[in-house]
Amino acid sequence: MTAAALPVVRTATDVIASELTTETLIQLAEREIGAIHVRGYYPVDVAEKVAEKAINHPALGNYHKQHTSSVGRVYMPHIDTKWDPELSKKYHDAALPAIADVRNMFHPYLSPVDRVRLELQELWPAGANLLRLRKRACFVGAFRVFQPTTSEFYPHNDAIDQETDAPEIEGVLNQLVANIYLRVPEEGGNLQLWLREPTAAEKEVILDVEGLDPATVEPPVHVIHPAAGDLIIFSPRMLHAVTPGSDYRVGAAAFIASKGRDEPLVYWS
Ligand SMILES: O=C(O)CCC(=O)C(=O)O
Ligand SMILES: [Fe+2]
């Protein structure tokens, strides 16, 4: 068999690291491990107070695709720019004020996304920066608000190259996502990880409605019930989902792109 005929293997091992270090970050970016799960990353008392603010935030809106519209988010995420120059302008114009407001919601404490940003900068061999697209700053630090019983994310993947062709994303090798959980229901609200990329046919469905019918997918490799205060980083280019929960589930999220260890990581929401 020639090399070209070999299937492209894009799965990760099922190891979950428990610490955020240079080594675990590189292993995750290179798909040698499946996730990083740091328990107790952020104080739960601060997390709980800010979760309440997110649930009641005036900028709380919904994702726009069929299978994600049950999930709320605070401030506009990049996926909602929909390749539309006017929506892109709206997104970038709002980015820095939105970052400032989210930071202010945690005041006088460091926000968990700011802590992740600093640690990526310190730990990644080439540092880390806020993503700019066509030289315009991106937002980072979106809250995701899953409503009791009605909100879920069907199996899907996330890839920035499906959302923009800005020159800054050229050379992106992998995408990670950091979620810090502020409030988690006792039952459900599980993160499911398949550790494989969707097939070409699955990708088409995901692009259309932003999720696969769970009945059409094999059982996930990992089912993680996060605790409030936990940090989980994984590769959202691989299939993942969030199950419905008995109560509110609130997380703060940042996407992270890697162009290899010689280039800075970049992050956005
Ligand atoms: O809330 C989570 O656990 C993960 C949600 C998700 O789909 C993502 O971060 O890309
Ligand atoms: Fe996702």
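Colleague: Which residues are around ligand 1?

Modeller: In this predicted model, the residues around ligand 1 are R144, F153, D158, V177, N179, L191, P236, H240, V242, G251 and A253, where a residue is near a molecule if its C-beta atom, placed from the backbone, lies within 6 Å of it. Residues are numbered from 1 along each chain as its sequence is written, and chains are lettered from A and ligands numbered from 1 in the order in which they are written. Because the model is predicted, local features need pLDDT of at least 70 and side-chain atom pairs count only at pLDDT 80 or more, while totals for chains, interfaces and linings use all residues.

Colleague: Which strands each supply at least two residues of that shell?

Modeller: Strand 10 (174–183), strand 14 (240–242) and strand 15 (249–258) each do; strands (E, at least two residues) and helices (H or I, at least four) are DSSP runs, numbered from the N terminus.

Colleague: How do the shell residues divide into nonpolar, polar and charged?

Modeller: Six are nonpolar, three polar and two charged, with Ala, Val, Leu, Ile, Met, Phe, Trp, Tyr, Cys and Pro counted as nonpolar, Asp, Glu, Lys and Arg as charged, and the others, Gly among them, as polar.

Colleague: New topic: in what order do the four strands of the open sheet come?

Modeller: The order is 9-14-11-12, with antiparallel pairing, and two strands pair if DSSP finds at least two bridges between them. Strand 9 (153–156) and strand 12 (222–224) are the edge strands, each pairing on one side only.

Colleague: And what stands opposite Q192?

Modeller: That is V223 in strand 12; strand 11 (residues 191–193) and strand 12 pair in the antiparallel sense over three bridges.

Colleague: Where is W83, and is it buried or exposed?

Modeller: W83 is found in the loop between strand 4 (71–74) and helix 3, and it counts as exposed because it has 10 C-beta neighbours inside 10 Å; the cut-offs are 20 or more other C-beta atoms within 10 Å for buried, 12 or fewer for exposed, and partly exposed in between, with C-beta atoms placed from the backbone. Phi of W83 is near 65 degrees, a positive value in a residue other than glycine. Most residues other than glycine have a negative phi.

Colleague: Which peptide bond is cis?

Modeller: The bond from H107 to P108 is cis, with omega near 10 degrees, and P108 has its place in the loop between helix 3 (85–106) and helix 4 (112–123).

Colleague: What pLDDT does the chain average?

Modeller: The average is 94, and 94% of the residues score at least 70, pLDDT being the predictor's confidence in each residue, from 0 to 100. Over residues 1–5, however, the pLDDT is below 50.

Methods
Contact = placed C-beta atoms within 7 Å.
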